[in-house]
Amino acid sequence: MRIDAGLHRNDEHGVLILSDIGFNAPTALLARYGLVLEHIADAQPIPGSYWGDCEAGIIGNTVYARSDTPVHSLLHEAGHLIVLPPDTRAAVHTDATDSVPEEDAVCVLQALLGEALGIDRIRIWADMDAWGYTFRLGSARAYAEHDADTAWQWLHTHGLTDAKRQLALPAA
């Protein structure tokens, strides 16, 4: 399944949400990293959500999301757990890091995880921009393509990407 970069939702931000793609593929992707995706009922508070509202949450090895959770939010929070050593994840509750290099790496990783779900990375970057992420060069895409060498190197050093800047997925 490929999700076109031009697809738009009729909500206030125009970003892809989990109801657009369903929970099955994200659940399978997160499981490859030893993570669990827990589907929270609509209108219920999301446990472990740093920003609240519809934003994904994390506690231990679990990522929490509702049908109205933006896909990029799910991927960002999952990315925080993915970059951590498995033995460190258990202590995570809501806020995964205070490390700038790790945060930068997660901002790149979430687009790669989107591609693993069949979503073009350009769409993930556009959704990040629409949601309010800010980058020195003005957009998530400009950051990832022209200003994120340190983040790309961090991901490669930690075995999350290959030398061609492609996601190195764990075996299914």
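E145 counts as partly exposed because its relative accessibility is 37% (buried means under 20% relative accessible area, exposed over 50%, and partly exposed in between, with a 1.4 Å probe and protein chains only). Its partner is R141: the two side chains meet in a salt bridge, N to O at 3.1 Å (a side-chain nitrogen of Lys or Arg within 4 Å of a carboxyl oxygen of Asp or Glu). R141 is partly exposed too, with a relative accessible area of 36%. Both residues sit in helix α7 (residues 140-146), four residues apart, or about one turn of the helix.

A word on the model before we go on. This is a predicted model, in which local features need pLDDT of at least 70 and side-chain atom pairs count only at pLDDT 80 or more, while totals for chains, interfaces and linings use all residues. Residues are numbered from 1 along each chain as its sequence is written, and side-chain values use heavy atoms, leaving out hydrogens and water.

Back to the charges: the structure holds six salt bridges. Another of them joins R165 and D149 at 2.9 Å, N to O. That pair links distant parts of the chain, with D149 in helix α8 (149-157) and R165 in the segment after it, 16 residues apart. R165 is partly exposed, at 31% relative accessible area. E115 and R121 form one as well, their closest N and O atoms 2.9 Å apart. Here E115 is partly exposed at 26% relative accessibility, whereas R121 is buried at 16%.

Now for a residue without such a partner: how far from E102 is the nearest side chain of opposite charge? It belongs to R89 and is 10 Å away; E102 is buried yet has no salt bridge (Lys and Arg count as positive, Asp and Glu as negative, and His and the chain ends are not counted). E102 lies in helix α5 (residues 100-116). Beyond its neighbours within four places in sequence, E102 touches V83, L84, A96, T97 and W154 (contact means heavy atoms within 4.5 Å).

Stepping back, the protein has eight helices and three strands (DSSP runs, numbered from the N terminus: H or I of at least four residues for helices, E of at least two for strands). Along the sequence they follow the pattern α-α-β-β-β-α-α-α-α-α-α. Of the 172 residues, 49% count as buried. Among contacts with a separation of 6 or more, 59% come from residues 24 or more positions apart. The C-alpha atoms fill a box of roughly 40 × 40 × 30 Å along the principal axes.
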